[in-house]
Amino acid sequence: MNDSSWGAPPQAGYWGPTEQGPGQGVGPAGPAYDAHDAQQTRPMPIVPEVPAPGGDQDDDRGVAARRRGPLFRDETPQVPSPWAAPQNTEPMPDAPQPAAAPQKKSAGRDLGAAIGVGVGLGVVIVASLFIVKAVFVGVIAVAVVVGLWELTKRLEERKGIKAPLVPLAVGGAAMVVAGYVRGAEGAWVAMALTSLAALVWRMTEPPDGYLRDVTAGVFAAFYVPFLATFVAMMLTAGDGPQRVLTFLLLTVVSDTGAYAIGWRFGRHKLAPRISPGKTREGLIGAVTFAMGAGALCMQFLIDGGSWWQGLLLGLAVAASATLGDLGESMIKRDLGIKDMGTLLPGHGGIMDRLDSLLPTAPVVWLLMVIFVGSA
């Protein structure tokens, strides 16, 4: 490298002390700074010089580039400027994270469809109830047959249990009609004949699983049509439509109160192993709503009824409706399903609406007979 490229000849006293080798008057140049500044700098790494293809012109460019600044960024010590703003060397605290928005509770179903279907069913039931009693008996029979179909279908799909549907459907519809025409005596006779028909019908198939299938058939006959028969027996009284309407209203109000209070204030589980969604607060809501509605219905709808009888009736309805709901939840958990069917949008199947009505029917029928008689 040519020393003239730096732009100035060497001056006396500029270069530091050197060692003279053989045949040389002056040794290699020392560092271009005073000795007392050496302690303030870091040793410069040795970088091999590779001649660039371009002759002296490229070499001069490389020298000029080194004049402009160090080859490596950390060769020159960073000296803070006295005019620079002081820097905070402490670690910056984490920026506060925005609080997560509270998740809204979900009803778990399509409320719009559920309300629409519920209103439609209510119109059909009330119209048939107050226009012609026999039409309402037909509505009960249809609901019983569909409920039996859903129950036996799920039993076969999930457990391989083949309960005989044909004798159950025919006997279930006959059971409802017999209860309306002949009362409790007719209902019991129809129940016995339906169970016998299920046993005989199953004999046409191989004996494997016979006891299991007929047991499920007898259970289905009792659980769906026999309990529904008490609704038909309520209808036979002089104020039968009002009694049935009271039964339906109290059951619906109980379920609504349990849902509304439990959804808003529910904290303590009622039966977490059976139905995790039910809470003790919801049960209190069911009792409160049902007792209030019972007092009003018994006072203004039922002939000879009194408000205090309505309080007892509402308490009994809330208890039986809750137990009925828990009972079907046990069945569905055993079967590993969420709903018994998909016939009613927003509700599931017919059996998902009958779960609290069926066990409540005999309770209301019995208390009505005790309070105001069966006439």
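**Salt bridges and helix packing in a predicted model**

Aspartate 352 has a relative accessibility of 2% and therefore counts as buried (buried means under 20% relative accessible area, exposed over 50%, partly exposed in between, with a 1.4 Å probe and protein chains only). The structure is a predicted model, in which local features need pLDDT of at least 70 and side-chain atom pairs count only at pLDDT 80 or more, while totals for chains, interfaces and linings use all residues. Residues are numbered from 1 along each chain as its sequence is written, and side-chain values use heavy atoms, with hydrogens and water left out.

The side chain of aspartate 352 meets that of lysine 332 in a salt bridge, with an N to O distance of 3.0 Å (a salt bridge is a side-chain nitrogen of Lys or Arg within 4 Å of a carboxyl oxygen of Asp or Glu). This pair links distant parts of the chain, with lysine 332 in helix H8 and aspartate 352 in helix H9 (residues 350-354), 20 residues apart. Helices (H or I, at least four residues) and strands (E, at least two) are DSSP runs, numbered from the N terminus. Lysine 332 also counts as buried, at 12% relative accessibility.

In total, the structure holds 7 salt bridges. Another of them is formed by the side chains of aspartate 334 and lysine 159, at 3.3 Å from N to O. Here too distant parts of the chain are linked: aspartate 334 is in helix H8 and lysine 159 in helix H3 (residues 133-159), at a separation of 175 residues. Aspartate 334 counts as exposed, at 52% relative accessibility, and lysine 159 as partly exposed, at 39%.

The side chains of aspartate 213 and arginine 202 form a further salt bridge, with an N to O distance of 2.8 Å. Aspartate 213 belongs to helix H5 (residues 210-235) and arginine 202 to helix H4, so the pair ties together parts that are 11 residues apart in sequence. Both aspartate 213 and arginine 202 are buried. Salt bridges link Arg202, Arg212 and Asp213 in a network.

At the level of the whole fold, the protein chain has 10 helices and 2 strands. Along the sequence, their pattern reads α-α-α-α-α-α-β-β-α-α-α-α. Of the 375 residues in the protein chain, 35% are buried. Among contacts with a separation of 6 or more, 70% come from residues 24 or more positions apart (contact means heavy atoms within 4.5 Å). The protein chain has an accessible surface of about 23,300 Å², and carbon and sulfur atoms account for 65% of this area. Accessible areas come from the Shrake-Rupley method with a 1.4 Å probe; for residues, only the protein chains shown count as cover.

Strands E1 (residues 269-271) and E2 (residues 275-279) pair in the antiparallel sense over 2 bridges (two strands pair if DSSP finds at least two bridges between them). A hairpin of 3 residues joins E1 to E2. Threonine 279 in E2 stands opposite lysine 269.

Helix H8 (residues 307-335) has 29 residues, which at 1.5 Å a residue should span 42 Å; the end C-alpha atoms are 42 Å apart, in agreement with that value. The expected span is 1.5 Å times one less than the number of residues in the helix. Glycine 336 follows H8 and has a positive phi, near 75°. Within H8 lies threonine 322, which is buried, with a relative accessible area of 15%. Apart from residues up to four places away in sequence, threonine 322 touches Leu270 and Leu283.

Helix H4 (residues 165-202) contains leucine 193, which counts as exposed at 54% relative accessibility. A nonpolar surface patch is formed by Val189, Leu193, Leu196, Leu199, Val200 and Met203, which together have about 560 Å² of accessible area. Patches are made of residues with over 30% relative accessible area and no salt bridge; like charges are joined within 9 Å, and nonpolar side chains (Val, Leu, Ile, Met, Phe, Trp, Tyr) within 5 Å. Alanine 184 is also placed in H4 and counts as partly exposed, at 32% relative accessibility. The C-alpha atoms of alanine 184 and threonine 229 are separated by 8.4 Å, although the two residues are 45 residues apart along the chain.
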